[in-house]
Amino acid sequence: MAKHTPQKSDEKDKRSESFGPIVLTRHVKDDGRALIVYARIRGEDEPVEDRPS
Amino acid sequence: MTDLRYEELRGEQVVYAIDRQERTFLPPAEHCPLCPTAPGGEPTEIPFAAFEIAVFENRFPAFRAPHGAAEVVVYTDVHTGSFGTLSTERARELMWVWRHRYAELGAREDVEYVLIFENRGVEVGVTLHHPHGQIYAYPFLPPVPALELAADARLGGCAPCELLRRELDDGRRVVYENDGVVVYVPYAARWAYEAHVVMRAHRPSLLECEPGELDALAEALQALVRGYDALFERPFPYVMAVHQAPTDGRACGHVHVEFYPPLRTAEKLKYLAGSEQGAGTFISDTLPEESAAALRRAIADGE
């Protein structure tokens, strides 16, 4: 089995980043807590449909 | 304030997070802190009118930097529903969110283990009904993953790989499978309807999974929880725990998701009583082969 360690990095976070098929946007709440909002990256013609089935 | 104390008799850490006594407890829907913030309305944890998936630091954390982290993962901006009623696309997106949080939290020097989990139902202590899960990033390796490491050593390799092989060879307890994932009631299940959702390929964490495998995992998880709801035709409470490699550099781990449902019948709960708590030995009144057969039928009904 290969040694398993997620990459340790001190690179500063960007405000918006893509991660695979999703994009994340970082926010800081009024009390200082972190909030990240995620959305799926869609094609230009792809409708937004994510209501529960 | 969080305090960590070592319990010598059992050789385990106990976490004291006394601020959590004040956490929000089963608020009415109009005061749900996980809903989006309506224009002009009461502020919630997520100050937007709409969102897909949101993750934020728990207001009442069991762990916090520089000694770990506690996060809330909100699956949808819709107050009702469950993981099982999410759209396929949303469930797949959630797998990538899990992967991202594992990567980011696991990269921290103060984090040795990342546990993604969901408590569903008041029977397992849910305090908010809005569909959500949680993440604890532990500053130490907790007992359950430590036991899994011991199982690797005992079996001479990856224990989940070996147990998956045994379950597939036997077949009686397999309840669902697709190209990437197998779901079974384990041979020695503690809970009547316990199920393990296991990656077919040896993947230490979600970081090593191919995109198609993440899709397969989402599909299998939704099939199982929909089956659970179909089993007794009621919302089925459970604790779901995503097991991955520790993030302290150890060469081990195999992605699998364990479900511990407390129901033993439609109306009766399994309690952890004398033998379970006093001796650490589970007493079950249901054979895994029988519950697997019922769960297989329920998964077919739930599709």
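Which residue of chain A forms a salt bridge with B:Glu45? The legends below cover this pair and other close-ups. This is a predicted model: local features need pLDDT of at least 70, side-chain atom pairs count only at pLDDT 80 or more, and totals for chains, interfaces and linings use all residues. Residues are numbered from 1 along each chain as its sequence is written, chains are lettered from A in the order in which they are written, and side-chain values use heavy atoms, leaving out hydrogens and water.

**View 1. A salt bridge joins B:Glu45 to A:Lys29.** The closest N and O atoms are 2.9 Å apart. A salt bridge puts a side-chain nitrogen of Lys or Arg within 4 Å of a carboxyl oxygen of Asp or Glu. The rule finds five salt bridges across the interface of chain B and chain A.

**View 2. Chain B meets chain A through 49 of its residues, against 32 of chain A.** Contact means heavy atoms within 4.5 Å.

**View 3. Helix H2 (residues 143-155) and helix H3 (residues 159-170) of chain B cross at roughly 70°.** Helices are DSSP runs (H or I, at least four residues), numbered from the N terminus. The axes come within 8 Å. Axes are lines fitted to C-alpha atoms, for helices over the stretch in contact; angles run from 0 to 180 degrees between N-to-C directions. H2(B) and H3(B) are therefore roughly perpendicular to each other (65 to 115 degrees).

**View 4. Residues of H2(B) meet residues of H3(B).** From H2(B) come B:Ala151, B:Asp152 and B:Leu155. Their partners in H3(B) include B:Pro160, B:Leu163 and B:Arg166.

Notes: Helix = DSSP H or I, 4+ residues; strand = E, 2+ residues; numbered from the N terminus. Parallel < 35°, antiparallel > 145°, perpendicular 65-115°, else oblique.
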